[in-house]
Amino acid sequence: MAGNRTFTMIKPDAFEAGNTGAIFKMIEAAGFNIVAMKATRLTPELAGKFYAVHSERPFYKDLCAYMSSGPIVAAILEKANAVEDFRTLIGATNPAQAAEGTIRKIFAKSIEANAVHGSDSDENAAIEGNFFFNQAERVR
Ligand code: GDP
């Protein structure tokens, strides 16, 4: 059975552009409930840990610098089939390839500065949610 939680971040480009509210409006309209949420900022070291799975990829250094370049909003979201449905809502990694009406199509600036993060599996959703939030910070 598909899990019912996923993890997201509003990335620095979207936060800086003042699109956090508009993006969460789309997220809630799509049926996701907020379980935990906070505005915060990643150090380069924390960004490196969060994206450790990509450490061998050529864009890793740039990605860590970008993700620590400004504030972000981290959130745990709940909905049936959360991981898959959220990936559909945000669209392809590269906004040029993202479907019309998806969050990345509307708000992303580039393949790197692509407005939002969305977990790619139930396992990673749990790991990523635990990276930012303890139990006391969750409302359900
Ligand atoms: P996602 O699951 O759609 O976020 O994509 P990936 O897991 O493949 O990549 C993680 C993040 O790295 C993406 O969301 C982008 O911010 C960044 N990224 C992915 N591919 C590239 C690339 O080719 N160049 C650069 N500069 N950044 C990339």
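This is a predicted model: local features need pLDDT of at least 70, side-chain atom pairs count only at pLDDT 80 or more; totals for chains, interfaces and linings use all residues.
When I say that one part of this protein covers another, I am talking about contact, and contact here means heavy atoms within 4.5 Å. Keep that in mind, everyone, and let's look at the structure together.

Let's begin with the overall layout. The protein has seven helices and four strands. Starting at the N terminus, the order of the elements is β-α-α-β-α-α-β-α-α-β-α.

How big is it? Along the principal axes, the C-alpha atoms fill a box of roughly 35 × 35 × 30 Å. For 140 residues, a compact globule would have a radius of gyration near 14 Å, and this protein has 14 Å, so the two agree.

Of the 140 residues, 44% count as buried. The protein exposes about 7200 Å², and carbon and sulfur atoms supply 54% of that area. If we take the contacts with a separation of 6 or more, 78% of them come from residues 24 or more positions apart. As for charge, there are 15 positive and 16 negative side chains, and the centres of these two sets lie 3 Å apart.

Let me zoom in on one helix, α4, which spans residues 60-67. Which of its residues are buried? They are Tyr60, Leu63, Cys64, Tyr66 and Met67. Looking down the axis of α4, these buried residues fall within an arc of 165°, so they line one face of the helix. Here is a bit of background that helps: an α-helix has 3.6 residues a turn, so residues three or four places apart point the same way. Over on the other side of α4, Lys61 and Asp62 are exposed.

And what covers that buried face? This is where our opening definition comes in. Among the elements covering the buried residues of α4 are two strands, β1 (5-10) and β3 (72-78), along with two helices, α1 (12-16) and α3 (44-50).

Is Lys38 buried, exposed or something in between? Its relative accessibility is 25%, so Lys38 counts as partly exposed. Leaving aside residues up to four places away in sequence, Lys38 touches Ile72, Val73, Ala74, Phe132, Phe133 and Glu137. Have a look at Ala75 too: Lys38 and Ala75 are 37 residues apart in sequence, and their C-alpha atoms are 6.6 Å apart in space.

Conventions: Residues are numbered from 1 along each chain as its sequence is written. Side-chain values use heavy atoms; hydrogens and water are left out. The radius of gyration is taken over C-alpha atoms; the globule rule is 2.2 Å times the number of residues to the power 0.38. Buried means under 20% relative accessible area, exposed over 50%, partly exposed in between (1.4 Å probe, protein chains only). Accessible areas come from the Shrake-Rupley method with a 1.4 Å probe; for residues, only the protein chains shown count as cover. Lys and Arg count as positive and Asp and Glu as negative; His and the chain ends are not counted. The place of a charge is taken as NZ of Lys, CZ of Arg, CG of Asp or CD of Glu. The arc is that of the directions from the helix axis to the C-beta atoms.
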